[in-house]
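Me: Please take a close look at a single part of this model. I would like one connected account of a residue and its surroundings.

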Amino acid sequence: QVQLVESGGGLVQTGGSLRLSCAASGRAFSTYTMGWFRQAPGKVREFVGGITWRAGITRYADSVKGRFTISRDNAKSTLYLQMNSLNPEDTAVYYCAARSGILGTSPGNYDYWGQGTQVTVSS
């Protein structure tokens with residue numbers, strides 16, 4: 001079992017930046033592939049970015065590539081999502097997730113989820 005808690009969401013203007021954090025507990029954080037997902041009202045949950053546990057390889061959705069950066073601090077058991085150049089299309093509830101497997105993009109691939117944190121980008 002893994003427990004995940006997101007934080008860092010809030011209201012930001014178009015073009016602004018925000019950093020989300022996800023604190024993990026319960027199992028060895030460093031052995032899990034971690035991912036960020038988001039879900040806007042009326043839309044399905046979609047993959048944002050992920051990072052492997054072994055080599056730290058990252059993967060991003062095309063919609064955020066070049067603007068968002070995912071990282072992890074295994075010593076602190078914390079996952080981060082640095083979001084720059086935000087626009088209103090980024091408005092959503094952001095979730096962190098974990099799995100004991102490869103860096104997949106489908107929400108169904110992940111076993112553990114946080115409660116989510118709201119990100120709102122005003123125009």
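Reply:

**Methionine 83 and its surroundings**

Methionine 83 touches Gly16, Ser17, Leu18, Leu20, Arg67, Phe68, Tyr94 and Val119, leaving aside residues up to four places away in sequence. Contact here means heavy atoms within 4.5 Å. The model is predicted: local features need pLDDT of at least 70, side-chain atom pairs count only at pLDDT 80 or more, and totals for chains, interfaces and linings use all residues. Residues are numbered from 1 along each chain as its sequence is written, and side-chain values use heavy atoms, with hydrogens and water left out.

Take the core. The largest nonpolar core has 35 residues. Such a core is a set of buried Ala, Val, Leu, Ile, Met, Phe, Trp, Tyr and Cys residues joined through side-chain atoms within 4.5 Å. Buried means under 20% relative accessible area, exposed over 50%, and partly exposed in between (1.4 Å probe, protein chains only). Met83 is among the residues with the most contacts inside this core, together with Leu4, Trp36, Leu79, Leu81 and Tyr94. Two or more residues come from each of β3 (18-25), β4 (33-39), β5 (46-51), β7, β8, β9 and β11 (117-122). β9 gives the most, with 5 residues. Strands are DSSP runs (E, at least two residues), numbered from the N terminus. In soluble globular proteins, nonpolar side chains tend to be buried together.

Now turn to Arg67, one of the residues that Met83 touches. Arginine 67 sits in the loop between β6 (58-60) and β7. Arginine 67 counts as buried because its relative accessibility is 16%. Its side chain makes a polar contact with the side chain of aspartate 90, at 2.8 Å. A polar contact is a pair of N or O atoms within 3.5 Å; within protein, one must be able to donate a hydrogen and the other to accept it, and residues adjacent in sequence count only if both atoms are side-chain atoms.

Serine 85 is found in the loop between β8 and β9 (92-99). Its phi is near 50°, a positive value in a residue other than glycine. Serine 85 is partly exposed, because its relative accessible area is 42%. Serine 77 also has a positive phi, of about 50°, and is not a glycine. Serine 77 lies in the loop between β7 (68-73) and β8 (78-83).

Notes
Helix = DSSP H or I, 4+ residues; strand = E, 2+ residues; numbered from the N terminus.
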